[in-house]
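Hi,

Here is the structure I said I'd pass on.

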Amino acid sequence: MDTLIKLIALIPFAGLLGGTYFANKVTPYLFGMPFLLGYCVIWVVLTAIIMTIIYMIDPKNKEGEVK
């Protein structure tokens with residue numbers, strides 16, 4: 001489970017840093033912003049969602065939880 005969590009945590013890193021080389025365009029607009037800026041904003045939101053999922057599936061967060 002620990003390896004799975006680490007692999008899921010790598011997704012935003014790869015998407016934001018690795019994908020900018022392919023998304024470096026100005027002409028198409030995304031939400032009224034140049035494509036690269038819109039791409040970065042989408043990845044910031046996706047990172048928050050992915051980290052929430054990791055928090056929910058991580059068994060270490062449930063230790064000491066009052067039921």
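Starting with charge: the protein chain carries 5 positive and 4 negative side chains, with the centres of the two sets 9 Å apart. Bear in mind throughout that this is a predicted model.

Of the 67 residues, 16% count as buried.

As for the fold, you'll find two helices and two strands, in the order α-β-β-α from the N terminus on. The radius of gyration is 16 Å, whereas the globule rule gives 11 Å for 67 residues, so the protein chain is more spread out than a compact globule. Its C-alpha trace spans about 50 × 25 × 10 Å along the principal axes. If you take the contacts between residues at least 6 apart in sequence, 50% of them join residues at least 24 apart.

Which residues of H2 are buried? They are Gly38, Tyr39, Trp43, Ile50 and Ile54. And what do they pack against? The partners of these buried residues are helix H1 (2-18), strand E1 (29-30) and strand E2 (33-34).

That's it from me. Happy to chat once you've had a look.

Cheers

Key: Residues are numbered from 1 along each chain as its sequence is written. This is a predicted model: local features need pLDDT of at least 70, side-chain atom pairs count only at pLDDT 80 or more; totals for chains, interfaces and linings use all residues. Side-chain values use heavy atoms; hydrogens and water are left out. Helices (H or I, at least four residues) and strands (E, at least two) are DSSP runs, numbered from the N terminus. The radius of gyration is taken over C-alpha atoms; the globule rule is 2.2 Å times the number of residues to the power 0.38. Buried means under 20% relative accessible area, exposed over 50%, partly exposed in between (1.4 Å probe, protein chains only). Contact means heavy atoms within 4.5 Å. Lys and Arg count as positive and Asp and Glu as negative; His and the chain ends are not counted. The place of a charge is taken as NZ of Lys, CZ of Arg, CG of Asp or CD of Glu.
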